[in-house]
Amino acid sequence: MNLVLRTAVHISMVAFALTIGRWPAWAVCLGAVIALLFNLFLLPRISRRRLEKSPTGSLQPDPGLLSYPLSVLILSLVFFSEQHFMAIGWGAMAFGDSAAQLSGRRWGRHKLPWNRQKSWQGMISGWLGGTLGTWLLLLALPDPAFSTGWAHGLGMLALVMAIAAWAETLPGTLDDNLWVPLVAGFAAWLFVHAEPVQQLPWPADLPMAAAAIGVFMGLAWWSKGIDLAGTLTGGLLALLIFLGAGWTGLLCLLLLFVLGTAASKWGRNRKEALGLAQESGGKRSARHAFCNAGPAAVCGLAAFVLPGDTVLWEVALLASLASATSDTLSSEMGTLYGRRFVSLAPGQPARRGLDGVVSVEGTLAGLAGAAVLALAAGWAHGLAAAGVVVAAATLANLTDSWLGATFQRWGLMTNDSVNFASNAIGGLIAGSVTGFL
């Protein structure tokens, strides 16, 4: 009954999306802020916690009740001037995610090979529910999201919802209410604004790059630095990075892998003695590959399909990889050589190995890692780009620690989702500054 009630509320809240195009954009954003505050302070009292997944009487807020309005707020800000893309993300969350949960619980017998907690039935239902429900929502809005005709628009929306349904099944990422709508909204935005396929700047040396990526994949798997699923995932991400940033992007991805693997294996015996060594003998998995290089791959895809903004997205890509490198080195080296540890969340304990704890030694190691990748950014785009990459990566690394000390300790995020979010933030900071400059 709790699931049915949550799902009913989950879907019914999409009625507020009808304000899109009818209210000023700032009013829609303000409405999202009010909804977030309402869910945080009033809804648990009004519902007597019957809407929570596990009503325990705890004063800690339910993650789902906060991530829903938070995702709406993020969508309203990201797509401030084109809020029909906000409606697409909202529809994916309200209709697609709800259909996937209900169908998966009732008929989800055939599990997905990459996530045994999800089913084919749930994923397909999420795709169908998200497509049909969001299409009806778009028809009810005053401004069309697709100007290419209803048939072409429906086909494009179906493809967007297929991407969102797949993203919902990925393990180790952000909360569904945050991850799925952002993927759907951004995918729709890319489809609308991207150049036609025949006009895209396909690199002449793409076959050579594909061969190099294949060789690198084989060596990485042979070295036991990454498992098979991680190798395949990393190869796909590498291809997207090359499309957006060419050989410079591949060089930075290689540096991330080499430096990150070396840092994970460095001093492993001592880390194991402290109980702080990475799982699986330091071997990287598909989850690690996606959370470390996924934001950069998204930037690479955007740089490729949006040629007019190539420099902006390429600098964002390099900053995202620098953020991942900085975080890995600061964590691994700080664990080994840190002497005094500080928590970025006031009042939280500061002890070696705790989430969100930093040290001077670890921070300097992270800064050095970011500087190494910034050299490639400076070589490609000048000294100013190198400075932007270093600054963005350092801020992203500190954000990672703050998220670890707060949301991760509270159980609202995992280590993987913290890594993904901080790497995305590094790219967002660098891209925003580059666009401003």
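1. Let me start with Ser359, which in this predicted model sits in strand β4, a run covering residues 357-359. Its relative accessibility is 5%, so Ser359 counts as buried. Setting aside residues up to four places away in sequence, Ser359 touches Gly334, Gly338, Arg340 and Phe341.

2. Next, have a look at helices α13 (residues 310-337) and α15 (residues 383-408), whose axes come within 8 Å and cross at roughly 45 degrees. With that angle, α13 is oblique to α15, and the crossing of the two is right-handed. On the α13 side, the contact is made by Val315, Leu318, Ala319, Ala322, Ser323, Ser326, Asp327 and Ser330. From α15 come Ala385, Val388, Val389, Ala392, Ala393, Ala396, Asn397 and Asp400. Sorted by class, the contact of α13 with α15 has ten nonpolar, four polar and two charged residues.

3. Another pair worth a look is α8 (residues 176-193) with α12 (residues 286-305): their axes come within 10 Å and cross at roughly 20 degrees. Angles under 35 degrees count as roughly parallel, so α8 is roughly parallel to α12. The crossing here is left-handed. Helix α8 brings Trp179, Phe186, Leu190 and His193 to the contact, and α12 brings Phe290, Val298, Leu301, Ala302 and Val305. By class, the contact of α8 with α12 has eight nonpolar residues, one polar residue and no charged ones.

4. Now to the interior. In soluble globular proteins, nonpolar side chains tend to be buried together. The largest nonpolar core in this model has 84 residues. Those with the most contacts inside this core are Ile88, Trp90, Trp179, Ile241, Leu317, Leu321 and Val389. The helix that gives the most to this core is α12, with eleven residues.

5. Which residues surround Ile241, leaving aside its neighbours within four places in sequence? Ile241 is in contact with Gly246, Gly249, Leu250, Leu253, Ala293, Ala296, Ala297, Leu317 and Leu321. Leu317 and Leu321 are themselves listed with Ile241 among the residues with the most contacts inside the largest core.

Terms used:
Residues numbered from 1 in each chain as written. Predicted model: local features only at pLDDT ≥ 70, side-chain atom pairs only at ≥ 80, totals over all residues. Heavy atoms only, no water. Axes fitted to C-alpha atoms, helices over the stretch in contact; angles between N-to-C directions. Helix = DSSP H or I, 4+ residues; strand = E, 2+ residues; numbered from the N terminus. Parallel < 35°, antiparallel > 145°, perpendicular 65-115°, else oblique. Left-handed = near helix turned anticlockwise from the far one by under 90°. Contact = heavy atoms within 4.5 Å. Nonpolar A, V, L, I, M, F, W, Y, C, P; charged D, E, K, R; others polar. Core = buried A, V, L, I, M, F, W, Y, C linked by side-chain atoms within 4.5 Å. Buried < 20%, exposed > 50% of the residue type's maximum accessible area, 1.4 Å probe, protein only.
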